[in-house]
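Please look over the sequence and the 3D structure shown here before reading on. The paragraphs below lead through one chain, then its partner, then the place where they meet.

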Amino acid sequence: MEKVRKLTSEKGVMIFSKSTCCLCYAVHMLFQELRIKPYVHEIDHDPDGKEIEKALSRMGCSGPLPAVFIGGELVGSTNEVMSLHLSGSLVQLLKPYQNLS
Amino acid sequence: MNSTSTQFVPSRRMGLCEPMPQVGMWNDYKENNCMHTSQPVILEVDSRFDNQSEDTSHGTVGPSNKYDQEENKPVDKVMRRLAQNREAARKCRLRKKAYVQQLENSKLRLMQLEQELERARHQGSYIGGGLDTGQLGYSGTTNPGIATFEMEYGHWVEEQNKKIADLRNALYSDIGDVELGIFVDGGMRHYFDLFAMKATAARADVFYLMSGTWKTSAEHFLSWIGGFRPSELLKVLMPHLEPLTEQRRLELSNLRQSCQQAEDALSQGLEKLHQILSETVADGQLGEGNYLPQISAAMEKLEAMVRFVGQADHLRQETLLQISRNLTTRQTARGLLALGEYFQRLRALSSLWASRPRGSA
């Protein structure tokens, strides 16, 4: 989907979220802890929300939100983010974007 | 020697033969009744026949030839005795099987009762005056998913104790790394089994799982979102993983920090869920007596709890995996042993605490 591609390529670190989703909030908090300011797109406040959700699952985001993108690449949902973080890889991926906060 | 004719009246209580000894006496029972083939185990029916003349054919044994009494007399007796022994041995085996089954059932029942007792003890500290104490207190008995979980968890703890003992023996013996690795894998997988069990139970009743009443009191006191806190776990384990290279120590230290960050993030997410839930339930006019829309909206929020419990367990699983990735088999084995015994100590502490003599009121 064009909108998704545009957003993810423009914003270094972005999270597709829902304002009511507390796990999305948790991932957001994690990034903040790592001194990252991700771009959070609340799809429940977006009229194209449903389209975006469909596009995300087509792109391979298996689970529910959040859907995290770093440098235009889909990282995944909460599970993937947590696994990456524990292995130390998340911080590596986020390094180029850390100074923007 | 046991008395004969009174031995085998079926027990009303257990459906087995009276008198039924306690476990420790089983061996005596076995020895006296199953092993001595020279002494026939005599049933009521047969004991009567023993006293009768040998002319009578009694149909309970094989060939008994009426017409050649004199020559067949000794053979007759021997054949009959052998048949009686076989029969008695067979019945003995069946009784033993039934007895063991009874023991297993009683054991399960005992575990269940212990769990319920723990839960009942917890109720006093949590609920106290809640309007719907029934829900949390008796979900174990009214929710089959939870009843299953409680039973399975009881098994899990038993199995865990066995695994820890096996791991301890393996570590202190001379076995090689490959064999030790099998114990390590088994230990890790056992934890993963628990996480899978919890995921199923969370779908049945996430509050039950979050309340932690299925754990012992000390474990529960130290728990975080329905289980152990990964960063705390690492703190407990680290000293037992020595000697460590500087690099490994750094890796583990980073892992611990990552765990803490992830835990904080999830905790904050859960805090937000609290707020949202409270707001949803409190929405609109409180006091009008009509609150179906708010309750319906809140149901959705509760679903999110299931995800949080799942996420916490995922963090635990990842932590364990990361630990094992960074260490040798032997180090991981020591880590698992330390972890296992740590929880055993917490469980023992809970038991001791629960059974302490109560002071004067």
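Which residues make a nonpolar surface patch of about 330 Å²? The patch is formed by B:Val75, B:Val78, B:Met79 and B:Leu82, where patches are made of residues with over 30% relative accessible area and no salt bridge, like charges being joined within 9 Å and nonpolar side chains (Val, Leu, Ile, Met, Phe, Trp, Tyr) within 5 Å. Of these, B:Val75 belongs to helix α3 of chain B, which spans residues 69-126, and B:Val75 is partly exposed, with a relative accessible area of 47%; buried means under 20% relative accessible area, exposed over 50%, and partly exposed in between (1.4 Å probe, protein chains only).

This is a predicted model, in which local features need pLDDT of at least 70 and side-chain atom pairs count only at pLDDT 80 or more, while totals for chains, interfaces and linings use all residues, and side-chain values use heavy atoms, with hydrogens and water left out. Residues are numbered from 1 along each chain as its sequence is written, and chains are lettered from A and ligands numbered from 1 in the order in which they are written.

Chain B contains twelve helices and zero strands, with helices (H or I, at least four residues) and strands (E, at least two) taken as DSSP runs numbered from the N terminus. Buried residues account for 39% of its 361 residues, and its accessible surface is about 21,100 Å², 55% of which belongs to carbon and sulfur atoms, as given by the Shrake-Rupley method with a 1.4 Å probe, only the protein chains shown counting as cover for residues.

Helix α9 of chain B, residues 230-237, has B:Pro230, B:Ser231, B:Leu233, B:Leu234 and B:Leu237 buried. Seen down the axis of α9(B), these buried residues fall within an arc of 155°, so they line one face of the helix; the arc is that of the directions from the helix axis to the C-beta atoms. They pack against α10 (246-282), α11 (292-326) and α12 (329-354) of chain B. In the loop between α9 and α10 of chain B lies B:Met238, which, leaving aside its neighbours within four places in sequence, is in contact (heavy atoms within 4.5 Å) with B:Leu244, B:Arg249 and B:Leu252.

Chain A, by contrast in its make-up, has five helices and four strands, which follow the pattern α-β-α-β-α-β-β-α-α along the sequence. In chain A, 47% of the 101 residues are buried. Its helix α3, residues 49-58, has A:Gly49, A:Ile52, A:Ala55 and A:Leu56 as its buried residues, and they cover an arc of only 125° around the axis, which puts them on the same side of α3(A). These residues pack against α1 (2-10), β1 (13-17), β2 (39-42) and β3 (67-70) of chain A, whereas on the other side of α3(A), A:Lys50 and A:Arg58 are exposed.

Finally, the two chains meet where 21 residues of chain B are in contact with 22 residues of chain A. The area buried between them is about 1,900 Å², of which carbon and sulfur atoms give 66%, buried area being the accessible area (1.4 Å probe) that two parts lose on being put together, summed over both. On the chain B side, B:Gln261, B:Lys272 and B:Arg307 lose the most area to chain A, together 29% of what that side buries. Across this interface the rule finds zero salt bridges, a salt bridge being a side-chain nitrogen of Lys or Arg within 4 Å of a carboxyl oxygen of Asp or Glu.
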